[in-house]
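Cut-offs come along the way.

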Amino acid sequence: MSIFQHIPGTFDILPIAHDGIAPSHAWRHVERVVRRVLEGFGFEELRTPTFEPTALVARGVGGSTDIVQKEMFAFTKGDTDYVLRPEMTAPAMRAYLEHRLDQRGGTQRLYYLGSCYRAERPQKGRYRQFHQFGVEIIGPGSPHADAEAIAAMMEVYRAFGLTDTRLRLNSLGSRENRAAYREALQAYFQPFANDLSELSRERLVSNPLRILDTKDEREIRLLDGAPALRDFLDDDSRAHYETLQTLLDAAGIAYDQDDRLVRGLDYYGYTTWELEGAGLGAQASLAGGGRYNGLAETLGARETVPAVGFAAGMERLFLALDAAGYAFPDAATPDAFLVVLDGGVEAAFRLGLDLRRAGLSVASTLKRGSFKALMKDAVRSSAPRYVLIGETEAASGIALVKDASTGDQTPVPFAELAAFLQGQASNVR
Ligand code: AMP
């Protein structure tokens, strides 16, 4: 029997880098920076379950989306249908409505960081279990909120020195604007229906706006003559979009107006955006976002709940960091390494606990072996100090502390060991 392997499209995060996946300490570093930036904007963390009722996703994300049509990991238990969350906005809105977070008063500024699941074809930067971070600003309908969501997103990349990005921005207008545009697009494409790809023919019926996303050369040429969404925006939509642009301009946040940016999620209206990174190949999309005032009602709320947010891929962020040659901090090393020789096990075990309770990080091999073999493990740990405990030390209550760089050995009574190591430790917790 061969050993089990991970499922294609998933990956393990190990203490070492492997197969293009950064080590766990690099993940923790990136997560820490993301949290710091978002908390700096006043966002509070939201954690929701990894699975939700299928109906929440089907309705929230939308029946004509790729996600719902073919990418859901869905399963049934008893008489309930569940789905592994493919994204976090519908769950976040569910949680907001269910727990009446509006009653806290003020604007709810939420952020999340966690795993998502989509049955896509796995490739570099595209996984079946991946990780997203993002924010939801729930309550305000003003373009100021859109600008703040965009700014928070940009600041995350800036915090890593990733400024070689391109922000594409568009307005999808109100629901009525989109309905009118949808009809105009259908009328425009109808005579060319036979020239369209099967996918676009399908979209012509189910969700014509998605044709704007096409990668097909011929369809792109056809699009040149198609009606433009911007001509369908009403005064309110236009004013909202113009104010947003004024705010971004004022803050020096550069963007490209992209009439064809519609994004794959049904809940967006008014503003939508996408951030692309440099040198990422096929998976250039770092993050995307937009306004989704209609989502709450879709999920059963009695009234509109204005909301705007973004979602960003962690794996894409790592791709961008790699492409930019980002220098991750080294993994933390233990403050000390216990070298446990024959006759010293009991004393070392108790001493190790005492040292950790005093706030030091202490590693040990937990193996019996020759002095040479144990010292090899000690060196491998990169600890700055080795604490040697054998029969003699256990009997005398005095450990031998060896300095890893100088080789100096100092006898230190057990009772003074924590203070001794702390005095010299670089990273006491
Ligand atoms: P979306 O929720 O589709 O708007 O995607 C938001 C971001 O999540 C994208 O810009 C990507 O960075 C990331 N993302 C989406 N799908 C995947 C995937 N299958 N694997 C890795 N990252 C993904």
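On a 1 Å grid over the protein atoms alone, a pocket is an open set of points with protein on both sides within 12 Å along at least five of seven lines, while a cavity is a set of points where a 1.4 Å probe fits but cannot get out. Lining residues have an atom within 4 Å of a point. Grid points are joined across faces, edges and corners, and a volume is the space filled by probe spheres set on the points.

The model is predicted: local features need pLDDT of at least 70, side-chain atom pairs count only at pLDDT 80 or more, and totals for chains, interfaces and linings use all residues. Residues are numbered from 1 along each chain as its sequence is written, and side-chain values use heavy atoms, with hydrogens and water left out.

Start with open space. The second largest pocket holds about 620 Å³. It is lined by 32 residues, and Arg175, Arg178, Asp266, Tyr267 and Tyr268 are the closest to its centre. Helix H2 (54-61), helix H6 (175-189), strand E9 (269-277) and helix H10 (295-298) are the elements that each give two or more residues to this lining. Helices (H or I, at least four residues) and strands (E, at least two) are DSSP runs, numbered from the N terminus. H6 gives the largest share, four residues. By type, the pocket lining splits into 10 nonpolar, 13 polar and nine charged residues. Here Ala, Val, Leu, Ile, Met, Phe, Trp, Tyr, Cys and Pro count as nonpolar, Asp, Glu, Lys and Arg as charged, and the others, Gly among them, as polar.

The largest cavity holds about 40 Å³. Its lining is made of Phe337, Leu338, Val339, Val340, Ser364, Thr365, Leu366, Lys367 and Leu374. Strand E12 supplies the largest share, four residues. Six of the lining residues are nonpolar, two are polar and one is charged.

Turn to the rings. A pair of aromatic rings is described by the distance of the centres and the angle of the planes. Rings of Phe, Tyr and Trp (its six-membered ring) pair if their centres lie within 6.5 Å; planes under 30 degrees apart count as stacked, over 60 as edge-to-face and the rest as tilted. The whole structure has 14 aromatic pairs. One of them joins phenylalanine 133 and phenylalanine 310, edge-to-face, at 6.2 Å centre to centre with 85° between the planes. Phenylalanine 133 belongs to strand E6 (residues 129-138) and phenylalanine 310 to strand E11 (residues 307-313), so this pair links distant parts of the chain, 177 residues apart. Phenylalanine 133 is buried at 0% relative accessible area, and phenylalanine 310 is buried at 2%. Buried means under 20% relative accessible area, exposed over 50%, partly exposed in between (1.4 Å probe, protein chains only).

Phenylalanine 160 and tyrosine 326 make another edge-to-face pair, 5.7 Å centre to centre and 70° between the planes. Phenylalanine 160 sits in the loop between helix H5 (143-159) and strand E7 (165-171), and tyrosine 326 in the loop between helix H11 (314-323) and strand E12 (336-340), so the pair ties together parts 166 residues apart in sequence.

Next, helix H11. Eight of its 10 residues are buried, so H11 is largely enclosed by the rest of the structure. The buried residues include Met314, Phe318 and Ala320. Their cover includes H1, E6, H5, strand E10 (285-291) and E11. Alanine 320 is buried at 8% relative accessible area. Not counting residues up to four places away in sequence, alanine 320 touches Leu162, Leu280 and Leu286; contact means heavy atoms within 4.5 Å. Alanine 320 and leucine 286 are 34 residues apart in sequence and 8.3 Å apart in space, C-alpha to C-alpha. After H11 comes glycine 325, with a positive phi near 65°.

End at proline 23, in the segment before helix H1 (24-40). Proline 23 is buried at 14% relative accessibility. Beyond its neighbours within four places in sequence, proline 23 is in contact with Ile13, Leu14, Pro15, Ile16 and Ala17.
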